[in-house]
Amino acid sequence: MLSEPAPGRHEVGAARRRKEDARLVTGRTQWTDNIQLPGMLHVAFLRSPMAHARITGVDVSAARNMPGVVAAFSGRDFAGEQGSLPCAWPVTEDIVIPDHPPMAVTEVRYAGEAVACVVATDRYKANDALEAIEIDYEPLPPVLDMTEALKGDSPKVHEAGNRAYTWKYAEGDIDAAFRDAPVVIERTYVQQRLIPAAMEPRAVVAQSDGDHFTLHSATQIPHILRIMLAQVTGIPEHKLRVVAPDVGGGFGSKLQVTAEEVLALLLTRRLGKPVKWTESRSEGNLTVHHGRDQLQRLALAADADGRVRGLKVDLLADMGAYLMLVTPGIPILGAFMFNGIYKMDAYDFTCTGVFTTKMPTDAYRGAGRPEATFAIERLMDELAAELSLDPVEVRRRNWIAHEEFPYTTIAGLTYDSGNYEAATDRALALFGYDKLRAEQADRRDRGDPVQLGIGVSTFTEMCGLAPSRVLGSLSYGAGGWEHASVRMLPTGKVEVITGVSPHGQGHETAWSQIVADALGVPFDDVSVLHGDTAISHKGMDTYGSRSLAVGGIAVVRACDKVKEKARHIAAHMLEASADDVEFDGGTFKVRGTESGKTIQEVALAAFAAHDLPDGVEPTLDSDATFDPENFSFPHGTHLCAMEVDIETGATKIRSYVAVDDVGKVVNPMIVEGQVHGGLAQGIAQALFEEAVYDTEGNLLTTTFADYLLPSAADLPDFVTERTETPATTNPLGVKGVGEAGTIASTPAVVNAIVDALRPYGVVDVPMPCTPERVWRAVQEGTS
């Protein structure tokens, strides 16, 4: 349902069509791969076919003689200047951070690692010339299993060993919580490795102008990328411009400093000409950083009435072959979420990061929180089954009641607001929970070959990343503040410059709505600029559902400064004291009178500067930097009804209800889109997606023929609704929604499948829950 606010009504809360969609959905925009520059050359990378090997020889001479080839290089050609790709999150003092050359020089450690490159007049000639490069390898044993990798006799990925770090957190007396506990649930779950699949492949264009460089990249993080590239390449930061044009999706996969970005800059510096690289889909599956890949060993202690006493988590997290930008910190983010929305007496968490000869892992939608939510929500269902209680009832007995907020959890976070009861009650009503339970019982009594399972997921997440002091305490290499500028133009129009960098979220629309209300200007009079470090000079970019809860608040604060500047000028124009001037709906008025000046009139007067108060600058332009005092904590209840054929293993989502609480909503249509997209991604992990390596370390799922992404036909019609408990830590009361659907949906779906199969002795089905795995679980459960 679309709505535009009536005259005098607020923009915030209206379901505005996204103003950026006119160009985005038609493709009439500037994607990185669209960029064409005079004399531009194209780069192709030769990638290792082996997971682990020494490089004993590289010969690129034949490639240099191929048609259209301008240059060809090996890693050794750049060994002195390519540096090491950065890791910005050394989570422990003794963490092992190996050198990570953008192009391998002496050893390859995962299949797909770049070992040479060709620069040619077009991409096809560059790719053809790769076949002429000769590489001699000395094979080394791959390291693929995390448990085996930690044994003393395992081959080493790096000379320092296969353990990257061990990080611990403990609160409460865990031994007391488990001592004589009437119920102890122990489970091991696998978070399978996933491959991000953004609509737009990664792409880079680099160019130089004397000693100044510009890099266009399909990135989520132009500001962070600029800083890191300056450090890696030695190009002074003030001589490096990074531009993120319109970017077609990211999901964390473009929250990275990549080998291709570094090498593109080095190539344009060496050749003096612009260069472009755009990945193919199979190249992307092989070399974009992967997500998840954790082994979760869990134990939960509870009383006989279902009250949780304590939780132990022993986590192995696959780092892959190297530590990329935030690789080691991803599972640490999850450490604060394994307790979910529940109260308990003790919590003990240990995470060991493990090197393997696979593509490195890093941030993927949810970044540690989906893995944690999956674990605790699966365990709550297991606890309910152990005690023959309804899964919803077990959750009610353990969750934080709405009157207990703000509440400091066993993991040390203070949840500022929430109402799990309201979201759950609404979800149960929309779902028809009691009726579906009755149908489930009837199918079981009849021995129906198609059983009905009901999955519950009551969740929260920490987003709005993040308070800088908290990030500092976790050894993260930067802060979590955000910056914005608001420029009042002489004609009364408004330009907003934001430090967050959108890749499909709808920032331009939401920011326009916020500014329209804050300054009392028309929605269409606001323009939002972003993604170019020469325009938006300061920012911490987009990830972790931080754009609105951090970047949006920076915009609000900048607007407040604009109004304060304008109030003094308006007071002068109205021959009144500034203390007597009020602002409402875009007009400054003297209190108790109808005499007023619009903010557009004030903007023109400031520009003209003919009659300003003494000491007042002739501008309303303002900027602000906002550092949040806390994370934000959206929450919700998701319910899934799943039909499971016990004879074939086929599964079908019968119905899915999601009731989310994301605080105040700026644009409900954008929220709906984010929830739908998140649900698709979380359900895909439960049912479809998995990155698979063979015993030699070769990725088998390099194409979408092998790596299964769901289509619209594979997903149900979602029933979505919202409750609203505003955040108390920011003036808009907003929380975050970008990752909620992904975090909540995976355990809801798997819980539904397991619930359908419990009468057959099934307590788990490994993800993705393919028909074969479901069928095997039934056979093993009944054998």
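Guide: Happy to. Strand S2, residues 53-59, and strand S4 pair in the antiparallel sense over 2 bridges. Before going on, a word on the source: this is a predicted model, in which local features need pLDDT of at least 70, side-chain atom pairs count only at pLDDT 80 or more, and totals for chains, interfaces and linings use all residues. Residues are numbered from 1 along each chain as its sequence is written, and side-chain values use heavy atoms, with hydrogens and water left out.

Strands here are DSSP runs of E with at least two residues, and helices are runs of H or I with at least four, both numbered from the N terminus. Two strands pair if DSSP finds at least two bridges between them. In general, strands of a sheet pair through backbone hydrogen bonds, either parallel or antiparallel.

Around this sheet, the protein chain has 20 helices and 28 strands in its secondary structure. Its radius of gyration, taken over C-alpha atoms, is 28 Å. That agrees with a compact globule of 783 residues, which would have a value near 28 Å, because the globule rule is 2.2 Å times the number of residues to the power 0.38. The C-alpha trace spans about 90 × 70 × 45 Å along its principal axes. Of the 783 residues, 62% count as buried, meaning under 20% relative accessible area with a 1.4 Å probe, protein chains only.

Now to the loops. Ser501 sits in the loop between strand S20 (494-498) and helix H15 (507-519), and is buried with a relative accessible area of 1%. Leaving out residues up to four places away in sequence, Ser501 touches Thr219, Gln220, Pro222, Ala244, His507, Gly531, Asp541 and Thr542; contact means heavy atoms within 4.5 Å.

Thr327 lies in the loop between strand S14 (308-320) and helix H9 (330-335), and is also buried, with a relative accessible area of 1%. With the sequence neighbours up to four places away again set aside, Thr327 touches Met319, Tyr322, Thr361 and Asp362.

Key: Buried means under 20% relative accessible area, exposed over 50%, partly exposed in between (1.4 Å probe, protein chains only).
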